[in-house]
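Reader: Hi! I have this one open on my screen and would like to talk it through. Could you start with a contact you find worth looking at?

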Amino acid sequence: MKKKLTVIETLRVILTVVLAFAIGYIFLTLATDNPEEAFRWFLTGSFSSQRRFVEVLNNSVPLMLTGLAISIVFQTKIFNIGAEGQFFFGAFGAMVAALSFPKIPFFHVVFTLITSSIFGAMWAFIPAAIKSKWRASELVSSLMMNYISYYLVIYLVNNYFRDRSVGALVSYKFPETAWLAVLSRYRLNSGFLIAIAICVLTGLMIFNTRYGYEIRVVGANKKFSFYSGIKTTNVIFWVQIFSGALSGLAGGIEISAMYRRFVWQSLPGYGFDGIIVAILARNNPFLVIPAALFIAYMRIGASVMGRMTGVAPEIVVVLQGIMILLITAEALLFSFKRKIIEKESIKDERFS
């Protein structure tokens, strides 16, 4: 029965994507005189060269990890959207470790990534603590922490780590011992394999361990989990800390593999993109992998379409919005249907 439901959910997501593409094609007919060519480049641009395909894989890495981080907290029905600030602060932590730790091969990059996870978890601590202790809204606190992270990190980088020999607000370049390994031409980095491994391990933890069972039970019914002996407050707290560690690790991998110095002068948006990935994956860690690859595929395809045809690549934002709208609309209808069934069952019990 469980496998049947999973197949049905997968088919629904596929149908949602097909409908979004169909609506996107309609938008293209309004934006260009040759929508067929534009749509062809959009669908095939990501596979038109090895370099573009590697770009898809590299772009999927931060999406996988932030999507996984968001899906974990969504499993417990906690609407924590602080992954953006945790990602940014984790990247800052990676920069600090890369510039201060001794240049020991292998250990330097490992320490850099571990530090990024710790910094991400630290930034998740405040929303997690006030949610667990005072039941304060994690939506408000996590959103505020995103912008505190941004302004704090920019201030610290600008005043203490800025490379003034470069005409931009960037940090000093990392030593080579803090770089993630490159696996192929066009800089396919090992972060891709790390992200897939973490998604698989997290999925196994969620569906095959006691702690994962507690997370799912808390998300399904907090009152039931409390009266069945599960420490719901602890589960909610540590899930948010774990989510922060994943988001921070995403920042560390991205900055160590792709840029090799702190370069962002604004929030990169990967934490908010993780919400799209989590929604598309239905909060399933295993499905986060294809969901992140799909979003990266659409973005590279849109970029190629823009260069080849002149159509604005922002069409991918329209497609993402349509997909989220269709998925959330279906969830809303399912919620209404469940409430109607519950009311009918209560009536039947009264008359029986």
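Author: Happy to! This is a predicted model. Let's begin with R261, which forms a salt bridge with D163; the closest N and O atoms are 3.4 Å apart.

Reader: Is R261 buried or exposed? And what about D163?

Author: R261 counts as buried, because its relative accessibility is 17% and the cut-off for buried is under 20%. D163 also counts as buried, at 11% relative accessibility.

Reader: Nice. How many salt bridges does the count come to?

Author: The count comes to 5 salt bridges. Among them is the one between D273 and R299, where the closest N and O atoms are 2.8 Å apart.

Reader: Which helices do D273 and R299 lie in?

Author: D273 lies in helix α11 and R299 in helix α12 (residues 285–309), so this pair ties together parts that are 26 residues apart in sequence.

Reader: And how accessible are those two, D273 and R299?

Author: D273 counts as buried, at 13% relative accessibility. R299 is partly exposed, with a relative accessible area of 26%.

Reader: Why are R51 and E55 separated by about one helical turn?

Author: Because they are 4 residues apart in that helix, R51 and E55 are separated by about one helical turn. R51 is partly exposed, with a relative accessible area of 34%, and E55 is partly exposed as well, at 26%.

Reader: How far is the C-alpha atom of S303 from that of V239?

Author: The two C-alpha atoms are separated by 36 Å, and S303 and V239 are 64 residues apart along the chain.

Reader: Let's zoom out, then. How many helices and strands does the protein have?

Author: There are 13 helices and 0 strands.

Reader: What about the overall dimensions?

Author: The C-alpha trace spans about 80 × 55 × 30 Å along its principal axes. The radius of gyration is 22 Å, which agrees with the value near 20 Å that a compact globule of 352 residues would have.

Reader: What share of the residues counts as buried?

Author: Of the 352 residues, 50% count as buried. The accessible surface comes to about 17700 Å², and 67% of that belongs to carbon and sulfur atoms.

Reader: And how many of the contacts join residues at least 24 apart?

Author: Taking contacts between residues at least 6 apart in sequence, 76% join residues at least 24 apart.

Reader: One last thing: how many positive and negative charges are there?

Author: The protein has 33 positive and 18 negative charges, and their mean positions are 7 Å apart.

Methods: Residues numbered from 1 in each chain as written. Predicted model: local features only at pLDDT ≥ 70, side-chain atom pairs only at ≥ 80, totals over all residues. Heavy atoms only, no water. Helix = DSSP H or I, 4+ residues; strand = E, 2+ residues; numbered from the N terminus. Rg over C-alpha atoms; globule rule 2.2 N^0.38 Å. Buried < 20%, exposed > 50% of the residue type's maximum accessible area, 1.4 Å probe, protein only. Contact = heavy atoms within 4.5 Å. Areas by Shrake-Rupley, 256 points an atom, 1.4 Å probe, with all protein chains shown as cover. Lys, Arg positive; Asp, Glu negative; His and termini not counted. Charge placed at Lys NZ, Arg CZ, Asp CG, Glu CD. Salt bridge = Lys/Arg side-chain N within 4 Å of Asp/Glu carboxyl O.
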